[in-house]
Amino acid sequence: MNGNRKHLIQLVFATLFAPVVAAAIAAALLVMAIAPELVFQVEVNSAEYRPATLREIATSLVGFGAFGAAMGAVLGWPTMAIAGLPAHGWLVRNGRTGGLTYSLLGVAVGTVTMLIYFMATGSWRHPLGLLDAWPLLLAGPVTGLLSAGLFWLVRRPDRIAAA
């Protein structure tokens, strides 16, 4: 396989993989921060709860992660195509290929994406509801950070620029 084809496959894989996996991880982290009882407790009946077993915790986290992965496909892939790939091209052309640079730019892009999503869904009509679930406000920046970091780890633009 020649070098250009290998780099293209690596770019496509990083573009498709990073937003979905990052959103899955962020969703699992957010549910543990916002509503830990959904993960760590099991309802016995309407009045009693018991601690969840390790298998039940894992099952809950996989379920929330699957929801996050779906959101990563719905929101992350368009964001990667509209903002992530042009930013990647600009960073490589300017020789700014460090992981920290990518991660900080990912935080910014994730925050803007989250704000656009909240505006589009009407969540800003009830801002106190968002403040009650304040970890939800971290969804965009955390997912952007993870997505950019994963993209960087898969693509490794610092090695490509030197080649």
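**Figure 1. Surface and overall make-up of the protein chain.** The protein chain has an accessible surface of about 9,900 Å², 70% of which belongs to carbon and sulfur atoms, where areas come from the Shrake-Rupley method with a 1.4 Å probe and, for residues, only the protein chains shown count as cover. This is a predicted model, in which local features need pLDDT of at least 70 and side-chain atom pairs count only at pLDDT 80 or more, while totals for chains, interfaces and linings use all residues. Residues are numbered from 1 along each chain as its sequence is written, and side-chain values use heavy atoms, with hydrogens and water left out. The protein chain contains 7 helices and 2 strands, taken as DSSP runs numbered from the N terminus (helices H or I, at least four residues; strands E, at least two), and their order along the sequence is α-α-β-β-α-α-α-α-α. Of its 163 residues, 34% count as buried, meaning under 20% relative accessible area, with exposed being over 50% and partly exposed in between (1.4 Å probe, protein chains only).

**Figure 2. Helix α6, residues 139–155.** The 17 residues of helix α6 should span 24 Å at 1.5 Å a residue, and its end C-alpha atoms are 24 Å apart, which agrees; the expected span is 1.5 Å times one less than the number of residues. Because 12 of the 17 residues are buried, α6 is largely enclosed by the rest of the structure. Among these buried residues are Pro141, Leu150, Trp152 and Arg155. Just after α6, Arg156 adopts a positive phi of about 45°.

**Figure 3. The aromatic pair Phe13 and Phe17 in helix α1.** The structure holds 3 aromatic pairs, defined for rings of Phe, Tyr and Trp (its six-membered ring) with centres within 6.5 Å, where planes under 30 degrees apart count as stacked, over 60 as edge-to-face and the rest as tilted. The rings of Phe13 and Phe17 have centres 5.0 Å apart and planes at 15°, so this pair is stacked. Phe13 and Phe17 lie 4 residues apart in helix α1 (residues 3–34), and are therefore separated by about one helical turn. Phe13, at 47% relative accessibility, counts as partly exposed, and Phe17, at 29%, also counts as partly exposed.

**Figure 4. The aromatic pair Tyr102 and Phe151.** Tyr102 and Phe151 form a stacked pair, with 6.3 Å from centre to centre and 15° between the planes. The pair links distant parts of the chain, since Tyr102 lies in helix α4 (residues 99–121) and Phe151 in helix α6, 49 residues apart. Both Tyr102 and Phe151 are buried.
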